[in-house]
Amino acid sequence: MKIEICTEVRNLDELVIVPFFENENGISFPDGYDFPNVSKTLFSGKKDTLFILKGIDIKITFLYVGLGKETDYRTIKTALRRLTAKQEELFNDKVSIVLSEDISLDLMEAAVSGLYLGTYRLGHFKKSEKPEKDWKKLEIKIFTQMENAEITAQKALKIAEAQYQALLMVDLPPNKATPEFLANWAIEAGKSYGFKVTVLDRKAAERENLDAFLAVSQGSHREPRFIIAEYNPPNATKHIGLVGKGVTFDTGGLNIKTAGMVHMKCDMGGAAAVLATMQLVADLKFPIKVTAIVPCVENSVDNKAFLPSEVIGSYSGKTIEIIDTDAEGRLIVADGLSYLIRNFAPDLVIDLATLTGSSVGTFGYECAALFSNDPILSQNLQNSGEQIGERVWPLPLWEIYKQEIESDIADVKNYHGKPFAGAIAAAKFLEFFTDEHPSWAHLDIAGTAFGDSEFGKSKHATGFGVHLLLKLMEKY
C-alpha cells in the first residue's frame with residue numbers, strides 16, 4: 001500500500017472516498033470540490049452510515065462515509081477499516097481520499113491505519129478458486145491541505161503494519177504459532193527492522209535458572225523459547241522495558257480447563273503485542289531504548305507436567321507454591337520481569353498479559369485492567385489509551401491484598417483459590433517479582449486482546465496494546 005499526499009484537486013481516481021461529519025442540513029463538500037450532492041434524507045453523515053454513488057455515464061464511484069456529529073480515533077479507524085474489509089469489490093489499484101478541514105492529523109492517521117487493517121483476512125488456510133486481492137499494489141492519493149500530512153500518513157502505515165502482524169500471530173492456530181514460530185518471527189523482524197534478538201532454548205534457560213518459566217513448559221513436547229529483544233538507537237535518553245506473556249496454547253495443565261479451551265490460542269496476546277511493538281519502534285526509528293522479554297511456552301498435559309502442590313523455583317531465587325496449574329501465565333511473566341529488571345535495569349517496566357478472567361468480569365471486552373505503583377505512569381497509560389480507543393483503567397495494589405498470595409510452605413503461592421479479586425491477586429503476585437522497581441505497570445488484557453467484532457464470524461485478535469505502547473512512548 002502506497003500513499004501520496006496531494007494539495008491540489010487533480011486526477012481523481014475511479015474510487016473517491018469522502019468522510020463526512022453529520023450535518024442535519026445535508027453534507028457540505030470541501031472547498032474546491034464539485035462532487036455529486038445527495039439528499040439529506042438519504043445521507044447526512046450519521047455515524048456508521050455509508051452512501052455509494054455512481055452514475056451511468058460517470059466513471060468515478062463516490063463512497064461517502066458518515067462519522068457522526070463528533071468522532072474519535074477509534075470511530076474513524078473502524079469506519080475506514082470497514083471499507084477495505086467489506087467493500088473489496090469497489091477497490092481497484094488506485095483510490096482517492098478527500099479530507100475536509102475538519103479532519104485533524106490524528107484522524108487522518110486513524111483513517112489510513114483503518115484502511116490498511118481492513119485488508120486483513122482470517123481465512124489463512126482457506127482454499128478459494130478466486131485469487132486473493134493483492135493489497136500491496138493499492139495506491140492511495142490523499143487530498144488535504146494539512147501540514148505534515150505525508151509524515152503522518154507514513155507513520156499510520158507503519159502502525160497498521162505492526163498491528164497486522166499482531167493480529168496474524170494471535171489468530172494463527174497453536175500448531176503453527178508455537179514458541180519456536182514466535183522466536184523465529186522475532187529473529188527475522190530483528191534482521192529486517194534493526195533490533196537485536198537473543199533466544200534461549202530449554203538448555204540455555206536451565207543455565208539461567210529460569211525455573212518458573214521451565215516448569216510451565218515441561219508438560220509439552222513443543223520446546224519453550226525465551227526471547228530477548230533489544231532496540232538501542234544511538235540518540236536514546238530513556239529506556240523502557242516490556243514483558244509479554246507468550247503461552248501459545250493453554251490447556252490449564254493438570255487443572256485442565258472445562259470450558260472455553262478452543263479460544264486458548266489467544267493466550268499469547270501479550271507476546272504478540274510486545275513483539276509487534278518492537279517492530280514498530282524500530283521501523284519508526286523511535287529515539288527511546290526498548291528492551292523486551294517474551295517468554296513463550298505451551299501449557300499442556302503429559303506425565304512430565306508440573307503438579308498442583310509442587311514448590312518450584314524462579315529466576316529471582318524465590319520459591320513458588322503451585323496451587324493451580326492454570327495460573328501459569330503469571331509464572332512465566334514473573335521470570336520475565338525478574339530477568340528484565342536484574343539484567344537491563346530499564347527506567348520503567350510494563351508487562352502485558354492475557355492473565356485473568358477476573359479482569360473480563362470487571363471490565364468486559366472494552367477495557368484492560370491496569371495496575372501500577374507509579375501514579376504518573378498509570379495516568380499516562382490511561383490518557384494514551386483514551387486518545388486511540390485502547391482503554392485501560394486502574395485497580396488497586398493495596399498491601400492488604402498481599403495476604404492472598406502468602407504461602408505456608410514457600411515464599412509465595414501462584415493462586416489464592418477464591419472467586420473474587422482474581423486480577424488483583426495475580427497483579428500482587430507479579431509485583432512480588434519486580435524487585436521493588438519504582439515504575440512498573442501491569443496490563444491484564446484478557447478481555448481486550450481477543451474477541452468478537454464485525455470483522456469475523458468467530459472470536460479473533462484485536463491487536464490491542466501495540467499502538468497504546470507507542471502512544472505512551474510518545475509522551476515519555
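A salt bridge is a side-chain nitrogen of Lys or Arg within 4 Å of a carboxyl oxygen of Asp or Glu. By that criterion, a search of the whole structure finds 25 salt bridges. This is a predicted model, in which local features need pLDDT of at least 70 and side-chain atom pairs count only at pLDDT 80 or more, while totals for chains, interfaces and linings use all residues. Residues are numbered from 1 along each chain as its sequence is written, and side-chain values use heavy atoms, with hydrogens and water left out.

- Glu-109 and Lys-155 meet through their side chains in a salt bridge of 3.6 Å, N to O.
- This pair links distant parts of the chain, with Glu-109 in helix α2 (residues 105–117) and Lys-155 in helix α3 (residues 149–171), 46 residues apart; helices are DSSP runs of H or I with at least four residues, strands are runs of E with at least two, and both are numbered from the N terminus.
- Glu-109 counts as buried at 2% relative accessibility, where buried means under 20% relative accessible area, exposed means over 50%, and partly exposed lies in between (1.4 Å probe, protein chains only).
- A salt bridge also joins Asp-283 to Lys-158, with the closest N and O atoms 3.2 Å apart.
- Asp-283 belongs to helix α7 (residues 269–283) and Lys-158 to helix α3, so the pair ties together parts that are 125 residues apart in sequence.
- Asp-283 is buried, at a relative accessible area of 14%, whereas Lys-158 is partly exposed at 25%.

**A salt bridge between loops**

- Glu-404 and Lys-418 form a salt bridge whose closest N and O atoms are 3.0 Å apart.
- Glu-404 sits in the loop between β16 (391–394) and β17 (412–413), and Lys-418 in the loop between β17 and α11 (422–431), 14 residues away.
- Glu-404 is buried, with 9% relative accessibility, and Lys-418 is partly exposed, with a relative accessible area of 35%.

**A salt-bridge network**

**A nonpolar surface patch**

- Leu-254, Ile-256, Val-301 and Leu-307 make a nonpolar surface patch of about 310 Å².
- Patch residues have over 30% relative accessible area and no salt bridge; like charges are joined within 9 Å, and nonpolar side chains (Val, Leu, Ile, Met, Phe, Trp, Tyr) within 5 Å.
- Accessible areas come from the Shrake-Rupley method with a 1.4 Å probe, and for residues only the protein chains shown count as cover.
- Leu-307 lies in the loop between β11 (289–299) and β12 (311–312).
- The relative accessible area of Leu-307 is 40%, which makes this residue partly exposed.
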